[in-house]
Amino acid sequence: MEEQKLNINLTPEMAEGVYSNLAIISHSSSEFIIDFIRMMPGVKQANVKSRVILTPEHAKKLLFALQDNLDKYEKQFGPIQLNGAPMPGSTIPMSFGGGEA
């Protein structure tokens with residue numbers, strides 16, 4: 001079987017990326033939705049900066065790819081500390097740094 005190659009184009013605008021410090025994940029029977037959000041200290045409203053919609057199969061592949069990359073990162077740079085970050089199943093933090101929001 002011949003290997004197929006995929007050419008991927010990354011425009012300069014897309015290459016800049018979008019900063020996010022919060023992600024909210026929801027799902028239905030046919031898709032997973034990941035909203036990437038930027039929260040600012042002292043501001044009670046946060047804006048969704050990007051939304052990615054995946055099939056369940058691709059969501060699972062993303063999970064495995066992230067785990068693989070986290071393992072490689074921690075092998076190279078040491079364990080990632082979760083200082084005050086919410087753990088799975090916890091509520092969304094409504095303030096961070098610099099006191100009460």
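The stops below go from the whole chain to the sheet, then to a helix and its side-chain pairs.

**The whole chain**

Begin with everything displayed as a cartoon, and bear in mind that this is a predicted model. The protein chain contains two helices and three strands, and along the sequence these follow the pattern α-β-β-β-α. If you switch to a surface, the protein chain exposes about 9,100 Å², of which carbon and sulfur atoms supply 57%. Of its 101 residues, 8% count as buried. Among contacts between residues at least 6 apart in sequence, 28% join residues that are at least 24 apart.

Next select residues 22–27, which are β1, together with residues 32–38, which are β2, and residues 47–54, which are β3. The three strands make an open sheet in the order β1-β2-β3, with antiparallel pairing. Because β1 and β3 stand at the edges with a single partner strand each, one side of each is left without a neighbour in the sheet. Viewed along the sheet, neighbouring strands are turned by 20° against each other on average, direction ignored.

As a landmark, select Phe36, which stands opposite Ser50 in β3.

How many salt bridges does the structure hold? There are three, and one of them can be found by showing the side chains of Asp35 and Arg51, which meet at 2.6 Å, N to O. Since Asp35 lies in strand β2 and Arg51 in strand β3, the pair ties together parts that are 16 residues apart in sequence. Are the two partners buried or exposed? Asp35 is buried, at a relative accessible area of 10%, whereas Arg51 counts as exposed at 53% relative accessibility; the cut-offs behind these words are under 20% for buried and over 50% for exposed.

**Helix α2 over the sheet**

Select residues 56–77 next, which make up helix α2. This helix lies across β2 and β3, and runs at about 110° to β3.

Lys61 counts as partly exposed, at 47% relative accessibility.

Further along, select Asp68 and Lys72, which form a salt bridge with the closest N and O atoms 3.0 Å apart. Both residues lie in helix α2, four residues apart, or about one turn of the helix. Asp68 counts as partly exposed, with a relative accessibility of 35%.

**The aromatic pair**

The structure holds one aromatic pair, and in it the ring centres of Tyr73 and Phe77 are 4.8 Å apart with their planes at 45°, so the pair is tilted. Tyr73 and Phe77 both lie in helix α2, four residues apart, about one turn of the helix. Tyr73 is partly exposed, with a relative accessible area of 41%, while Phe77 is exposed, with a value of 54%.

Methods:
Residues numbered from 1 in each chain as written. Predicted model: local features only at pLDDT ≥ 70, side-chain atom pairs only at ≥ 80, totals over all residues. Heavy atoms only, no water. Pairing = 2+ DSSP bridges. Axes fitted to C-alpha atoms, helices over the stretch in contact; angles between N-to-C directions. Contact = heavy atoms within 4.5 Å. Phe/Tyr/Trp six-rings, centres within 6.5 Å; stacked < 30°, edge-to-face > 60°. Buried < 20%, exposed > 50% of the residue type's maximum accessible area, 1.4 Å probe, protein only. Salt bridge = Lys/Arg side-chain N within 4 Å of Asp/Glu carboxyl O. Areas by Shrake-Rupley, 256 points an atom, 1.4 Å probe, with all protein chains shown as cover.
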